Amino acid sequence: EKNIRKQSNVNLHVLNKSNNNYVDKLAYVQSALDNNLLRLDRENNVINTVGAAIGIHISSSSYSEIYENNVTTTGSYGQGIVLSSSSNSTVQNNEIATYGSQAFGIYLVYASNNIVNSNLINTNESTSPLIYFSEISEDNLIQNNNLNYSLSDAFTFSGSGSSIPKNNNLK
């Protein structure tokens, strides 16, 4: 199954939304994603963002796999990996560093039944939690992560459900 997904790897950022030639192709790809006919690989990427940007954003998706990425955010409100309205996904073996206030390493919003495992997350800001649970985020298993922080919270729960952090290494 993984080989099939690799063969269907598409780089959506290459598509220029302002060019009419690509709008139809982008709509076709989005339709295929929505109907589970196409799955994108989200692994082995090096991503650097500046300002209020998101490194990897998975929205309204199920069974996504986000492996072995290196994400660095620089600036306020940056977010390394975001799962929004997503379920049954795995975020594993990623390296995430945030530099800036209100920046989140991993942000889960309306996310349920996901696994966040064996990631390395670093921050050095007092208002930047490593893992942030917002709204209704239930039954997420957060385990075996290396969480390095000096001034912030490792976990912040804001209106979330019953997510389970366990066996995390806090430094």
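Predicted model: local features only at pLDDT ≥ 70, side-chain atom pairs only at ≥ 80, totals over all residues.

Me: Is Phe-104 buried or exposed?

Reply: The cut-off for buried is under 20% relative accessible area. Phe-104 has a relative accessibility of 9%, so it counts as buried.

Me: Are the rings of Phe-104 and Tyr-107 stacked, tilted or edge-to-face?

Reply: A pair of aromatic rings is described by the distance of the centres and the angle of the planes. Planes under 30 degrees apart count as stacked and those over 60 as edge-to-face, with the rest tilted. For Phe-104 and Tyr-107 the centres are 5.1 Å apart and the planes stand at 45°, so the pair is tilted.

Me: How many residues apart are Tyr-107 and Tyr-132, whose rings also pair?

Reply: Their ring centres are 5.3 Å apart with the planes at 45°, so this pair is tilted too. Tyr-107 sits in strand S9 and Tyr-132 in strand S12, which makes the pair a link between distant parts of the chain. The two residues are both buried, and their separation is 25 residues.

Me: Which residues form one aromatic cluster?

Reply: The structure holds three aromatic pairs. One of them joins Phe-104 to Tyr-107, and another joins Tyr-107 to Tyr-132. The cluster is formed by Phe-104, Tyr-107 and Tyr-132.

Me: Which side chain makes a polar contact with the side chain of Ser-84?

Reply: Ser-84 is found in strand S6, and at 11% relative accessibility it counts as buried. Beyond residues up to four places away in sequence, Ser-84 touches His-57, Ile-58, Ser-59, Ser-60, Val-109 and Tyr-110. The polar contact spans 2.9 Å, and the partner is the side chain of His-57.

Me: What is the relative accessible area of Gly-80?

Reply: Gly-80 also lies in strand S6. Leaving aside neighbours within four places in sequence, Gly-80 is in contact with Ile-54, Gly-55, Ile-56, Val-71, Thr-73, Ile-96, Phe-104 and Gly-105. Gly-80 is buried, and its relative accessible area is 0%.

Me: How far apart in space are Gly-80 and Ile-54, C-alpha to C-alpha?

Reply: In sequence, 26 residues separate Gly-80 and Ile-54. From C-alpha to C-alpha, the distance is 5.8 Å.

Me: Which are the edge strands of the open sheet of six strands?

Reply: The order in this sheet is S2-S5-S8-S11-S14-S17, with parallel pairing. An edge strand here pairs on one side only. That leaves S2 (46-50) and S17.

Me: Which residue in S8 stands opposite Val-71?

Reply: Strands S5 (residues 70-74) and S8 (residues 95-99) pair in the parallel sense over five bridges. The residue opposite Val-71 is Ile-96.

Me: How many bridges join S14 to strand S17?

Reply: On one side, S14 (residues 146-149) runs parallel to S11 (residues 120-123), joined by four bridges, and Asn-122 stands opposite Asn-148. Towards S17 (residues 169-170), the strands also run parallel, with Leu-147 opposite Leu-170. The number of bridges between S14 and S17 is two.

Me: What share of the contacts with a separation of 6 or more comes from residues 24 or more positions apart?

Reply: The chain has two helices and 17 strands, and 44% of its 171 residues are buried. Among contacts with a separation of 6 or more, the share from residues 24 or more positions apart is 74%.

Methods. Residues numbered from 1 in each chain as written. Heavy atoms only, no water. Buried < 20%, exposed > 50% of the residue type's maximum accessible area, 1.4 Å probe, protein only. Polar contact = N/O pair within 3.5 Å; in protein donor to acceptor, adjacent residues only side chain to side chain. Contact = heavy atoms within 4.5 Å. Phe/Tyr/Trp six-rings, centres within 6.5 Å; stacked < 30°, edge-to-face > 60°. Pairing = 2+ DSSP bridges.
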